[in-house]
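Please open the model in your viewer and keep the sequence panel beside it. The tour below moves from one selection to the next.

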Amino acid sequence: MQANPAIHTPAKKNCNFEVEGRADGEGYLSQNNAMFGIIVIQEWWGLNESMVKTTDKIAKMGFQCISPDIYRGKVAQNREEAGHLLEGLDWQGAVKDIEGAAKHLRERGCKKVGVTGFCMGGALSIAAISFSDQINAAAPFYGVCDLNTFKLDNIKGPIYGQFGEKDEMKGFSSPDDAQRLVEAGQKVGKNVKVKIWPGVGHAFMNQDRPEAYNAEVAQQALQEVATWFKQVFTQQL
């Protein structure tokens with residue numbers, strides 16, 4: 001089955017924000033007056049129209065949401081391009097961009113800010129909460145970063161990872177990697193937990209990947225994560 005063209009269509013960016021030590025970042029902002037903010041991090045394709053849909057879905061659950069352009073203007077047109085973009089990613093620069101997005105949400109009145117993301121964005125969510133004290137919680141979907149570079153003993157808030165039972169991307173997002181994430185958190189006394197969603201594989205959240213998407217599980221997972229963020233942020237106030 002072919003992916004929806006939204007995967008390869010660049011998002012219409014509508015916000016700019018300062019980034020320490022780098023040129024200003026850009027992104028898509030789903031605006032409202034919510035007191036909690038969520039940064040939504042793209043898959044390896046780039047900041048596309050598919051990610052705009054997901055960002056808007058999360059915003060409607062009661063958050064101000066921003067999806068920063070991690071690739072800074074580039075959107076992959078096929079898997080080979082996506083692979084090259086991911087291989088060439090400046091992870092330290094990316095987490096600075098995410099921190100800049102967090103500060104932007106705080107400037108807009110958000111009392112607490114979380115981060116979520118998918119595939120590469122899931123891994124970056126973990127990296128970002130390790131890097132920045134501007135982020136209060138992370139809910140990564142099917143992606144684990146290099147935990148030797150981005151150490152969990154640096155995190156200032158909880159992590160609630162979301163993984164698929166049938167995800168076969170070993171070393172990155174399989175159920176074994178989910179368990180590895182939990183164990184790494186336990187070793188340093190941090191609040192790290194995961195949920196393994198039954199019957200689904202990698203990219204089960206992506207409405208524009210029909211071969212992977214599971215609408216029922218995707219809706220349940222988004223609702224569960226939204227509820228978790230609100231509970232965590234309310235406790236942190």
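What volume does the largest cavity have? The largest cavity has a volume of about 50 Å³, where a cavity is a set of points, on a 1 Å grid over the protein atoms alone, at which a 1.4 Å probe fits but cannot get out, and where the volume is the space filled by probe spheres set on those points, which are joined across faces, edges and corners.

Before going further, note that this is a predicted model, in which local features need pLDDT of at least 70 and side-chain atom pairs count only at pLDDT 80 or more, while totals for chains, interfaces and linings use all residues. Residues are numbered from 1 along each chain as its sequence is written, and side-chain values use heavy atoms, with hydrogens and water left out.

**The cavity**

Select Ile 38, Ile 58, Met 61, Thr 116, Leu 222, Val 225, Ala 226 and Phe 229, which line the largest cavity; a lining residue has an atom within 4 Å of a point. By class, this lining has seven nonpolar, one polar and no charged residues, with Ala, Val, Leu, Ile, Met, Phe, Trp, Tyr, Cys and Pro counted as nonpolar, Asp, Glu, Lys and Arg as charged, and the others, Gly among them, as polar. Next colour helix 6 (residues 215-236), which gives the most to the lining, with four residues; helices (H or I, at least four residues) and strands (E, at least two) are DSSP runs numbered from the N terminus.

**The strands**

Move to strand 1 (residues 15-19) and strand 2 (residues 22-30), which pair in the antiparallel sense over four bridges; two strands pair if DSSP finds at least two bridges between them. Here Cys 15 stands opposite Gly 27 in strand 2. The hairpin of these strands has two residues between them, and in it Gly 21 takes a positive phi near 75°.

**The whole chain**

Finally, zoom out to the chain, which has six helices and eight strands. The radius of gyration is 16 Å, close to the 18 Å that the globule rule gives for 237 residues, so the chain is as compact as a globular protein of that length; the radius is taken over C-alpha atoms, and the rule is 2.2 Å times the number of residues to the power 0.38. Along its principal axes, the C-alpha trace spans about 45 × 40 × 30 Å.

Technical notes. 1 Å grid on protein atoms, 1.4 Å probe; cavity = no way out; pocket = protein on both sides within 12 Å on 5 of 7 lines; lining within 4 Å.
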